[in-house]
Amino acid sequence: MANEQLVPLTPSEGSSPKKPPAEAKSEKKSDYQGKMHHMQKEMMGRYFDRLTACAEGKGGKAVYMMISGNPVELIEALDMIPVYPEVNALQLAAKKTSLSHILKAEEMGYSIDNCAYVKADVGMYFAGRKTAFATIPEPDLLLCNYVGCNVYLQWFEHLQEYSKAPIYNLDIPFCRTPDGKPTKEDIHYVVKQLEEVIAKMESISGNKLDFKRLQHILELSSETGRLWSEIKMLTKNRPSPFDAYFDSVTMMAPLYCLRGTEEGLLFFQEAYKEMKGKADRGEGPLPQERFRFVIEGPPPWPFLRQFRDMFSRWGAVAVASTYSTVGGLWEFGFRHDPQRPLESIAEHMLYWNLSNRNFLQRYEQIKNYTEQWGADALVIHSIKSCRLFSAGQGDMREYFSKQLDVPTLLIESDLEDPRYFSEAQLRNRVDAFFESLEHKKMMVKH
Amino acid sequence: MATTEVQPTLESIFDFCREVVLDTEYSEAKRWLAEKPGRKAFGCFPVYCPVELFHAAGMLPVGIIGGGNQIEIAHADSRFQSFVCSIVKSTLELGLTKRLEFLTGMVFHSICDPARNLASVFHRNFPEMYVEFIHFPQNLVSPLGQQYLATEYRRVLDGLQGLVGHPVTAEDLNNSIRLYNRIRSLLRELYRVRAETPHLLSAAESYVLTRASTLRPPEQHVEILEQALAALPGRSTRPKDRIRAVLECAFCEQPPLALIESLEEAGCYILDDDFLQGWRWFTTDVPIEENPLRALASSYADRSHFSGVKHDLRHPKAEHLIENARKHKADAVIILAAKFCEPALFDYALYRPALDDAKIPHLFLEFEEKAWLFDKLRSEIETFVESLLFD
């Protein structure tokens with residue numbers, strides 16, 4: 001099937017893009033800049049400074065890790081520095097500097113059809129390891145937390161070939177049993193591997209794991225997770241106080257890079273306070289909330305603003321997003337347990353994140369969002385680079401639109417490669433979708 | 001098509017196997033099912049599949065390895081996007097067009113993201129089917145990985161026992177291991193003959209013999225393999241002026257038969273390949289032990305053929321390929337990757353510099369199982385062959 005067929009033009013489309021009703025239009029920026037944003041900038045700035053200092057040989061041991069179900073608590077407990085190639089890659093994209101790195105990787109032999117996160121990261125690795133925010137240190141340990149994404153295995157395998165750094169594949173069995181839960185053998189296997197990882201990190205860092213400290217870090221993580229969960233519950237309000245896709249991004253960086261620290265907790269306390277205040281005052285990210293939708297799939301980082309505006313102009317707010325659960329599913333009850341540190345980390349990696357759950361569990365998660373968060377529609381943003389997310393989303397559309405009668409839009413672009421973002425085509429599709437949704441709403445009213 | 005009708009001449013064996021391979025109605029498996037009421041067949045998606053577990057439970061494991069260019073994709077491309085490999089879509093299409101209704105279940109493995117999601121899509125679309133998913137460990141450095149795999153096999157077997165309604169003993173498993181050891185050793189022998197005397201057995205011929213072994217009762221296929229091996233030395237074909245190549249990266253989605261033939265006709269002897277790698281599995285026999293599940297698990301870790309979905313950090317990625325090319329005294333390596341196959345495409349990025357360093361000429365080709373025309377590929381390989389022959 002050709003790309004064009006994935007975003008078919010309906011007979012009413014094809015000419016000039018539809019204009020949303022006048023009352024929905026707003027010149028006002030559709031995002032919000034409060035105290036939490038300044039805190040985020042400062043804290044993440046300090047985190048990036050640590051990376052640069054480490055890269056310049058001023059101290060610290062860098063542990064490369066993947067975002068999905070990351071065990072950052074262990075890294076923190078051993079005073080090492082977590083480095084996320086995905087975060088670096090997305091920053092290259094957001095700053096519109098990814099393409100040259102992608103092309104460099106393709107020259108090296110990577111395919112046009114390989115994940116562009118990997119290609120951008122590899123290109124950057126051979127171009128001095130610099131993003132707009134930091135110089136990325138060479139890895140002291142490549143800790144491949146294989147949580148769902150098979151590309152992770154290859155990404156780290158390649159980084160190992162290039163850097164010759166020590167590597168450990170932390171193998172996390174996928175959720176595959178009839179009840180969707182990990183078996184006791186799965187948990188045992190992961191805990192035993194975590195023990196090996198700890199021994200490896202101790203030898204690389206020269207630090208000994210203090211179990212009491214790990215427990216304290218888990219307490220901080222647990223409270224951070226609770227606040228994050230409370231924040232996510234706030235989008236059940238009408239209007240939703242923030243956009244659970246575009247605004248969640250601000251909170252995801254501290255969630256992964258600073259979780260398990262006092263600073264990270266402070267950020268989430270402030271974020272909760274601000275968002276709760278907005279909810280209490282009935283404020284939302286847009287002048288008027290006209291549509292509430294759930295969104296599935298990662299964002300198109302190179303064109304985040306353009307993408308957001310496609311929805312904002314219709315008064316459409318994301319009340320829940322699957323992307324914000326890649327690192328963990330706190331809103332469905334997960335908390336780190338300081339009394340069972342390694343088991344709890346294992347359960348986080350095995351079960352309490354989106355990536356390691358099977359595709360049908362994701363359908364359930366989305367169904368839950370549409371029902372409990374009161375959404376009018378589902379938007380599936382299908383990403384070429386990330387087949388973990390995208391492969392089979394046509395079936396997902398079938399399930400939601402035909403079986404559950406949830407209006408569903410499937411659109412396609414990429415999270416890293418700017419060559420796959422066709423703005424006019426996407427806008428046409430989004431406009432046609434919300435126009436038809438509006439029509440349906442009017443019919444119901446009458 | 002009964003086995004008794006097969007004449008033990010090489011040509012008739014190849015013709016028969018070719019017919020089996022191209023048959024998207026799976027008549028051989030259905031014939032076996034019809035022979036005795038209550039029999040069950042189980043579909044196995046690539047790459048590695050522990051067929052012994054299904055066989056020991058009394059079922060026939062059947063290789064469900066896409067629809068090739070024998071079926072039209074009419075429904076599955078609305079479920080899986082344009083950037084997903086063909087085998088995922090054609091396998092779903094086989095299901096949506098009711099060609100897989102003879103199967104009691106399907107097993108998928110942790111090989112890549114699309115195959116993993118396909119397991120879920122099967123589960124939803126075919127609720128009457130028993131869908132199993134096996135997590136193959138990707139930590140092979142630690143002994144924990146293979147210990148874990150034995151427990152994973154136990155879990156799968158427990159489910160199968162429930163499905164067939166009777167226990168499966170260690171003896172049952174060992175009997176199945178013996179039988180499949182026999183099949184695999186015959187296939188190894190076939191590959192050895194081909195590597196040593198490639199003019200006696202083409203890659204396409206060895207392919208149909210191997211692929212038919214995924215589609216027929218193993219008890220019956222042993223006989224065919226033995227007959228073929230016995231007849232090969234008597235063949236009178238003469239060596240041709242061709243380059244010697246080993247082929248890599250086609251371990252999951254399979255190239256069309258005509259493409260394999262084209263590669264050879266364009267001037268290559270393909271001395272070794274990784275077609276159907278997961279069905280040939282092991283470099284030596286699986287040992288017969290008191291605990292067969294442990295023997296199977298340790299065999300995956302320590303004696304299975306490499307493929308791009310097995311991430312074994314004990315060895316550099318390209319090591320096996322360079323060794324294999326040297327072992328076969330190959331003039332060149334052909335990388336034949338399925339379009340959109342991320343594991344294969346990623347591997348190529350590491351193979352390329354390693355082959356350059358080892359000064360082994362190489363050619364990268366992409367294919368889709370559904371293709372019919374290979375003119376472009378053929379001319380690429382002809383140019384490559386000429387550059388080697390007349391360099």
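In chain A, 80% of the contacts with a separation of 6 or more are between residues 24 or more positions apart. Please bear in mind that this is a predicted model. Chain A has 446 residues, of which 56% are buried. Its secondary structure amounts to 17 helices and eight strands. The radius of gyration of chain A is 22 Å, close to the 22 Å that the globule rule gives for 446 residues, so chain A is as compact as a globular protein of that length. Along the principal axes, the C-alpha atoms of chain A fill a box of roughly 70 × 50 × 45 Å.

One backbone feature of chain A deserves mention. The peptide bond from Arg238(A) to Pro239(A) is cis, with omega near -5°, and Pro239(A) is in the loop between helix H9 (211-233) and helix H10 (248-257) of chain A.

I turn now to the contact between the chains. Chain A contributes 48 residues and chain B contributes 43 residues. On the side of chain B that touches chain A, the elements giving two or more residues are helix H5 (113-125), helix H6 (143-164) and helix H14 (342-357). H5(B) gives the most, with nine residues. By residue class, this side of chain B comprises 20 nonpolar, 14 polar and nine charged residues.

Next, a sheet in chain B. Four strands form an open sheet in the order S6-S5-S7-S8, with parallel pairing. Strand S6 (268-272) and strand S8 (362-367) of chain B are at the edges, each with a single partner strand, so one side of each has no neighbour in the sheet. On average, neighbouring strands of this sheet are turned by 35° against each other, direction ignored. Strand S7 (residues 332-338) of chain B runs parallel to S8(B), and six bridges join the two. Within S8(B), His362(B) stands opposite Val333(B).

Finally, the loops of chain B. A cis peptide bond, with omega about 10°, joins Pro46(B) and Val47(B); Val47(B) lies in the loop between strand S1 (41-44) and helix H3 (51-56) of chain B.

Two residues other than glycine have a positive phi: Lys98(B), near 65°, and Phe340(B), near 70°. Lys98(B) is in the loop between helix H4 (86-96) and strand S3 (103-109) of chain B, while Phe340(B) is in the loop between S7 and H14 of chain B. Are these residues buried or exposed? Lys98(B) counts as exposed because it has 9 C-beta neighbours inside 10 Å, whereas Phe340(B), with 25 such neighbours, counts as buried.

How values were computed
Residues numbered from 1 in each chain as written. Chains lettered and ligands numbered in written order. Predicted model: local features only at pLDDT ≥ 70, side-chain atom pairs only at ≥ 80, totals over all residues. Contact = placed C-beta atoms within 7 Å. Nonpolar A, V, L, I, M, F, W, Y, C, P; charged D, E, K, R; others polar. Pairing = 2+ DSSP bridges. Axes fitted to C-alpha atoms, helices over the stretch in contact; angles between N-to-C directions. Rg over C-alpha atoms; globule rule 2.2 N^0.38 Å. Buried ≥ 20, exposed ≤ 12 C-beta atoms within 10 Å, placed from the backbone.
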